[in-house]
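Colleague: I have the file open next to me and would like to go through it with you. Could you take my questions as they come up?

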Amino acid sequence: MSTAKKFAGQTAVYGLSTIASRVLNFFLTPVYTRAYAPGAYGILTTMFSYVSILNAVMAFGMETTFFRYLNKHPENKQKVYNNAFASIFAITIIFLLITIPFIPHIVDFINVSSAHKVQHLHAKVTDTSYSDFVTYVDYFIAILVIDAWCVIPFAKIRAEGRPGRYGLIKFINIILFITLNLIFIWGLPYWTAHHLAGTEWINTWYTKGWVGYVFLSNLLASILTFLLLLPELIKVRFKLDIPMLASMYSYSWPVLIANLSFIVNENLDKLLLGKLLPEKVGLTEVGIYGGCAKISLFLSIFVQAFRLGAEPFFFSHAKNKNAGNTYARIMDYFVITVCVIFLGIVANIEILKYFIPNKNYWVGLPVVPPLVFGYVSLGIYMNLSVWYKLSDQTKYGLYISGIGAIATIVLNVLFIPKYSYMASAWASFAAYTIMMVLSYVWGQKNYPIPYNLKKNLAYIIASLVLVFLSFSVFHRNIFIGNALLIAFAGTALYLERKELIALLKK
């Protein structure tokens, strides 16, 4: 089997479960936006944004470090596993010690009192009290700790090449999460409205429209995932190799900062929207932005699937003498693919918007093109980042992501007060583009890989022009948009036909 086919196979296998999970999760968006007003959806968006940032902190960059050290020390796999898990376990204990005694202060910090004050402006948020937010924080502390304990066992499964088990656990997690959501949002209201058996008991604890059920569903799904990973967890031995552990920390902390900066880029805009806009519109604007941003996740799903397959492949292939050429070819096809998806999403936005059935959200659709191109840049950046991971120069990941995070913060702070969520969308576009360019420039100086710069740039610029025509000039006309999409895809297929034929023959 050719290297390219092997890579494609690994990406497909490891990414398929993620795609399935994210797509299934994506279908909750219309459920939420139908069940909750934009203000209530803003609460969901805000809480999950905080969790995403803290997830990166808890993982401490150990997933990437785990793969790197398996590659460097194939004779000491158990030591690498022990060290990686023990590191995260220690961080979770510290996290519990500094959060549990201060939950009221945490609630004050996330400024939920503002949400409370504007309840009268959002009828469906009336069940969200200060004590509810305390409960939400309790749930999320538990979710963060449990999810952190699962990071290295999941990485171990990927490293051992067991995609079936990986996918099954992920699939069970998302099915339970979705099922519980549907029960709480649709099932129980139907049950009690028709006075079926047990209605009186359900009415003693169930509150229709309570946002906390979404978080409770997440917690229960995380607990089940932890239980399913027990076979991997019981193999952990707390026998640490201190010199190796110190080396792993040295490698991982720049990765942590890089990951954290990425998460900041992904989530800080939503938090800043709530902070920088007037209280009477803040949560609504966050809800609209969060809802419309879900459409851009079609490309994000592909990028995440690619990362899952690419990371272990890149490390395992690093010692091959043709590794650079292989990485360059992968980049070629990656760029074409993400550009086609970019065009496809924008061309069909008039159809995709129905994933958000509540029309009150549609005013935010103009955020989709800049957000999707942000994911194009992010995916290319992830592809490029192989150079500093393989050369053990993870400090560059820190520099690049740090600059991206600073750009995100500065642009959001400067422009949100005037342009609201449109400023956030363009800030994401700018930040990821800066990171992509910096990674390419520094990579070529420190660990040159023969990428086809001119060709890849041509595809990127062409897709940007066509998206502009589709969205702004032809006003989201799906027929013209799809004609442009077909023209782009057909041209790419024609230009790449010789390489594709050669690839398929191997």
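Colleague: Where does phenylalanine 60 lie?

Modeller: In this predicted model, phenylalanine 60 lies in the loop between helix H3, residues 38-59, and helix H4, residues 62-72.

Colleague: And what is its phi?

Modeller: Phenylalanine 60 has a positive phi of about 55 degrees, although it is not a glycine. Most residues other than glycine have a negative phi.

Colleague: Is phenylalanine 60 buried or exposed?

Modeller: The relative accessible area of phenylalanine 60 is 18%, and the cut-off for buried is under 20%, so this residue counts as buried.

Colleague: What about serine 420, where is that one and what is its phi?

Modeller: Serine 420 sits in the loop between helix H19 (395-419) and helix H20 (421-446), and its phi is near 55 degrees, a positive value in a residue other than glycine. With a relative accessibility of 11%, serine 420 is counted as buried.

Colleague: Changing topic, what does the secondary structure come to?

Modeller: The chain has 23 helices and zero strands. Of its 506 residues, 55% count as buried, and among the contacts with a separation of 6 or more, 85% are between residues 24 or more positions apart.

Colleague: How do H15 and H21 pack?

Modeller: Helix H15 (residues 323-347) and helix H21 (residues 453-473) pack at an angle of about 0 degrees, and their axes are 10 Å apart. The two helices are therefore roughly parallel to each other.

Colleague: Which residues meet there?

Modeller: On the H15 side they include Met331, Val335, Cys339, Phe342 and Val346, and on the H21 side they include Lys455, Tyr459, Ile460, Leu464 and Phe471. By class, the residues of the contact of H15 with H21 divide into 14 nonpolar, three polar and two charged.

Colleague: You listed Cys339, so is that cysteine buried or exposed?

Modeller: Cysteine 339 counts as buried, at 0% relative accessibility. Cysteine 150 is also buried, with a relative accessible area of 3%.

Colleague: How many disulfides does the structure hold?

Modeller: The structure holds zero disulfides.

Colleague: Now H8 and H9, at what angle do they pack?

Modeller: Helix H8 (residues 130-159) and helix H9 (residues 163-193) pack at about 145 degrees, with their axes 8 Å apart. Phe154, Ile157 and Arg158 of H8 make that contact with Arg165, Tyr166, Ile169 and Lys170 of H9. The contact of H8 with H9 has four nonpolar, no polar and three charged residues.

Colleague: How about valine 363, buried or exposed?

Modeller: Valine 363 counts as exposed, at 51% relative accessibility; it lies in the loop between helix H16 (349-352) and H17. Apart from neighbours within four places in sequence, valine 363 is in contact with Ile288 and Tyr421.

Colleague: Last topic, confidence: what does the chain average?

Modeller: The average pLDDT of the chain is 84, and 89% of the residues score at least 70.

Notes: Residues are numbered from 1 along each chain as its sequence is written. This is a predicted model: local features need pLDDT of at least 70, side-chain atom pairs count only at pLDDT 80 or more; totals for chains, interfaces and linings use all residues. Side-chain values use heavy atoms; hydrogens and water are left out. Axes are lines fitted to C-alpha atoms, for helices over the stretch in contact, and angles run from 0 to 180 degrees between N-to-C directions. Helices (H or I, at least four residues) and strands (E, at least two) are DSSP runs, numbered from the N terminus. Angles under 35 degrees count as roughly parallel, over 145 as roughly antiparallel, 65 to 115 as roughly perpendicular and the rest as oblique. Contact means heavy atoms within 4.5 Å. Ala, Val, Leu, Ile, Met, Phe, Trp, Tyr, Cys and Pro count as nonpolar, Asp, Glu, Lys and Arg as charged, and the others, Gly among them, as polar. pLDDT is the predictor's confidence in each residue, from 0 to 100. A disulfide is a pair of cysteine sulfur atoms within 2.5 Å. Buried means under 20% relative accessible area, exposed over 50%, partly exposed in between (1.4 Å probe, protein chains only).
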